[in-house]
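Hi,

Here's the structure I said I'd pass on.

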Amino acid sequence: MARGRVEPKVILGPILYFRGEQGDRWWLSALFVLDGDAEPDDLRVDGVTLPVPPRHLLRWRDRHVWRFDFAVPRATRDQEVAYGFMDSGQPWVLTVPGRLTQPRFAYVSCNGVEDESRLAALDAPRNALWADLRQRHDADRYHLLLQGGDQLYADAVWRSGPLLSEWAARTGKERLAETFTPAMAEEAMAFYFDLYLRSWGQPEIAAVLARIPSVMMWDDHDIFDGWGSHPDEEMQSQVWRGVYMAARRHFTLFQMGALAEALPECVWGAQRSTFTQGFRIKDVGLLALDLRSERTPRRVMSDQSRALLPAWLDRFDGCRHLVLMSSVPLLFVDTGGLERVVDRLPGRIGIEDDLRDQWRSHAHAEEWQSLIELLADFSRRTGCRVTAVSGEIHAGGRGVLRGGGVEMWQLIASGVVHPPPHPMTATALEWLAGRKESPLDGYRFEMPRFPESGKRIIRQRNWLSLIFDGKGQLHARWSAEGQPNRYAQVV
């Protein structure tokens, strides 16, 4: 594309992505969506000798998506690095960790809601916790932002345009045999592209995405509610598959800053067309599993992807701590009994797919047990502590699995925007969380009370900070809306 003379108009961006640590360099990408055909200037980055040229990724109507890839040399200690365009006003600033600095992460999930009208009932602004995260970043200077799924809520794809809404409104099974037409594809593409612009263009969110590099994994609402856990005849229909592919293309573009045919090296699952990502940062490992691309009502990951897990874990040999990102809690109370009761009820009551999503669903019990045993064996063999971080349940909490010489913690934080559960739902969660279980031979699981509240569940909207110390310990702190004290756990 020829360089234009008109100053490009930024519609969205920058969005920062983490690409990995290589030696003494911190690899990043920055994505912009611009209006019009004018090519942006090269990006200027402190510490990077040469200007960073733009790479054109996509044109959608009159909008263009551009990416800049760069590596910042690391000093002994943290440094504030400014980046931006020449003569274009105030630059953006990010924190690059020093070679001797321990990692500091922030974790968010559930950035939206199925029904926007529910946000009107909140006492605080929609993005109050994003503003809180931005403010705390000024003090704590997080190196990475982990986004654990549902970065946007795309359920309205079935109500956004005349073709998809008309198809979804019909109930006859004959519609499942219909073709996904080019006009439907155009409608879905427009919906997802515009939704990312609206969701991430909000000032409180944009301020964080421009300052802290992200590692993002997807969950069902990034596609639409319950994707992967609905009956086979729906999952295999052309229209559902067509909408899924539109969501997948936009997840790749916006949440990974890439194209499907050219994924970054940190995407370890690329050989299986999944989005599993892995990183080593000093002696801390980070593994973000793709738990949606291959999901069906009977499995979470395919046999082929599960066969890759041991080799992926071996890449973290020598780490003192592995943070495992699982969109739904890996360690949680058994929901299988409730699922069986719901399955026996006549008709559908609307939570079947939510229960089937859980790792403790009876449909995934064998797969879950195999994963827990694999992680426990890795921890015993290498001495690397494994901690899972998750969202999805729209509340905060923690759990611990002990046995066989291994202790694994689960940290749960959600939602950063999604409203908290109804008080009756929170009471039910609190009751469930009080149960102690022996889910596997020789192991005990419990969800301890927080001394700050005396409860096991944080009902308020929340986000999580994860800060490592020089001993390899993880200091987790939940920032909950309206709570002056931060809930804490040392792992």
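Predicted model: local features only at pLDDT ≥ 70, side-chain atom pairs only at ≥ 80, totals over all residues.

Start with helix H7 (residues 303-314) and helix H10 (residues 365-382): their axes come within 11 Å and cross at roughly 20°. Angles under 35 degrees count as roughly parallel, so that is what H7 is to H10. The crossing is right-handed. On the H7 side, the residues that meet H10 are Arg 306, Leu 309, Pro 310, Leu 313 and Asp 314. Their partners in H10 include Leu 371, Leu 374 and Phe 378. Sorted by class, this contact has seven nonpolar and four charged residues, and no polar ones.

Now, which residues of H7 are buried? They are Ser 305, Leu 308, Leu 309, Trp 312 and Leu 313. These cover an arc of only 140° around the axis, so they sit on the same side of H7. Strand S12 (284-288), strand S13 (321-325) and H10 are among what covers them. Turned away from that buried side are the exposed residues Asp 303 and Ala 307.

On to the backbone. Gly 13 and Pro 14 are joined by a cis peptide bond, with omega about 5°; Pro 14 is part of strand S1 (residues 9-22). Another cis peptide bond links Ser 414 and Gly 415, with omega about -10°.

Finally, look at Cys 110, in the loop between strand S8 (104-108) and helix H1 (128-140). Cys 110 isn't glycine, yet its phi is positive, near 60°. Its relative accessibility is 1%, so Cys 110 counts as buried.

Cheers

Definitions and conventions. Residues numbered from 1 in each chain as written. Heavy atoms only, no water. Axes fitted to C-alpha atoms, helices over the stretch in contact; angles between N-to-C directions. Helix = DSSP H or I, 4+ residues; strand = E, 2+ residues; numbered from the N terminus. Parallel < 35°, antiparallel > 145°, perpendicular 65-115°, else oblique. Left-handed = near helix turned anticlockwise from the far one by under 90°. Contact = heavy atoms within 4.5 Å. Nonpolar A, V, L, I, M, F, W, Y, C, P; charged D, E, K, R; others polar. Buried < 20%, exposed > 50% of the residue type's maximum accessible area, 1.4 Å probe, protein only. Arc of directions from axis to C-beta.
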